[in-house]
Amino acid sequence: MAEAPGIDVDLSGPVSPPRDNGQVVFDAPWERRLFGLTLALCRSGVCDWETFRQSLIRHIADDAVRPYWRSWAAALEDVLAGSSVITHSELDARHLEMLNRPPGHDH
Amino acid sequence: MTDAAAQRVEALESLLVEKGIVDPAVVDKIIEHFEADVGPLNGAKVIARAWTDPAYRKRLLADATKAIAEFGFGGPEGQLIVAVENTPSVHNVVVCTLCSCYPWPVLGLPPSWYKSPEYRSRMVARPRTVLAEMGLELADDVRIRVWDSSADARYLVVPERPPGTDGLDETDLARLVSRDAMIGVARVRSPGETDG
């Protein structure tokens, strides 16, 4: 799980063909953000990838119709709460604050 | 509802940043990396080499993780990759019935349908039907092997080299290999053949 080399590769070159396969990986921006956050946490050792994966398996099994990235989010929340990095109540409070923001708050 | 989900992730990130646990710029770079650099083109290069270099093919089938690392591909979800080869009589297809295990270094991130409950359950129960629905009709005498990915093994299908490609070099061959062919839900196009 070392830092991947070549992160600053030129994107316009011949490296872009993944798009040729018509790949839609994320349906919403929050999904890609969530993915990036999870990987960042695993790379820096805050989360253990395998612990997260097992949590994801459990959440998917718990609710087969829940959209995939929702299960992912719940899995990450549990792992972070389990290691006391971010508690559920802390997150609930911050989430509530954000939901109560006036419209047009964009920063 | 999606807004609530989006704001929950935003809330999570804001707490992580506030506590100094996560650097948003690092998150940006990781996303960029996975979207731009890690994708099926990596796998296509591996397959093209396996088609043109019998010794490499042997190494790939013996220890795919190692053979793939010869290209410098590796990283998360890249341990224990197993290559399975299609032949005229055997067709391989990959699924992850538990979650979404997938060989990221060679295929990038899995497409939405790969993670859907329908694909995960039906591909195991009725592979021939599901493949036909996805546009891949196989002759009755072709045996289908369904590989269930897990933490112990993530599979990469080595498709058959299509006819009419004798004059092509590795680079041209790689262009023919699609992500879906390496999951086993599509055939490799012959040169000049268009999608669909």
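Predicted model: local features only at pLDDT ≥ 70, side-chain atom pairs only at ≥ 80, totals over all residues.
User: Where does Ser84(A) sit, and is Ser84(A) buried or exposed?
Analyst: Ser84(A) lies in the loop between H3 and H4 of chain A. Ser84(A) is exposed, because a residue with 12 or fewer other C-beta atoms within 10 Å counts as exposed and Ser84(A) has 7.

User: Back up to H3(A) itself. How many residues are in there, and how far does H3(A) reach?
Analyst: H3(A) has 15 residues and reaches 21 Å from first C-alpha to last. That is close to the 21 Å expected at 1.5 Å a residue.

User: Which residues of H3(A) are buried?
Analyst: Quite a list: Tyr68(A), Trp69(A), Ser71(A), Trp72(A), Ala73(A), Ala75(A), Leu76(A), Glu77(A), Val79(A) and Leu80(A).

User: OK, and how do H1(A) and H3(A) cross?
Analyst: Their axes come within 10 Å and cross at roughly 35°. The crossing of H1(A) and H3(A) is left-handed.

User: Which residues meet there?
Analyst: From H1(A) you have Glu31(A), Leu34(A) and Thr38(A), and they meet Trp69(A), Trp72(A), Ala73(A) and Leu76(A) of H3(A). By class, that contact has five nonpolar residues, one polar and one charged. The four H3(A) residues in it, Trp69(A), Trp72(A), Ala73(A) and Leu76(A), are also among the buried ones.

User: Zooming out, what is chain A made of?
Analyst: Chain A has four helices and zero strands, so from the N terminus on the elements run α-α-α-α. Buried residues make up 33% of its 107 residues.

User: And what share of the chain A contacts is between residues 24 or more positions apart?
Analyst: In chain A, such pairs account for 41% of the contacts with a separation of 6 or more.

User: How do H3(B) and H4(B) pack?
Analyst: H3(B), residues 40-52, and H4(B), residues 54-62, pack at an angle of about 125° with their axes 5 Å apart. The two are therefore oblique to each other. H3(B) passes H4(B) in a left-handed crossing.

User: Which residues make that contact?
Analyst: H3(B) uses Val46(B), Arg49(B) and Ala50(B), while H4(B) uses Tyr56(B), Arg57(B) and Leu60(B). They divide into four nonpolar, no polar and two charged.

User: Last topic, the contact between the chains. How many residues does each chain give?
Analyst: Chain A gives 44 residues and chain B gives 40.

User: Which elements of chain A give two or more residues to that side?
Analyst: Those are H1 (29-43), H2 (49-62), H3 (68-82) and H4 (88-99) of chain A. The largest share, 10 residues, comes from H1(A).

User: What's the class breakdown on the chain A side?
Analyst: The side of chain A that touches chain B has 31 nonpolar, five polar and eight charged residues.

Conventions. Residues numbered from 1 in each chain as written. Chains lettered and ligands numbered in written order. Contact = placed C-beta atoms within 7 Å. Nonpolar A, V, L, I, M, F, W, Y, C, P; charged D, E, K, R; others polar. Expected span 1.5 Å × (residues − 1). Buried ≥ 20, exposed ≤ 12 C-beta atoms within 10 Å, placed from the backbone. Axes fitted to C-alpha atoms, helices over the stretch in contact; angles between N-to-C directions. Parallel < 35°, antiparallel > 145°, perpendicular 65-115°, else oblique. Left-handed = near helix turned anticlockwise from the far one by under 90°.
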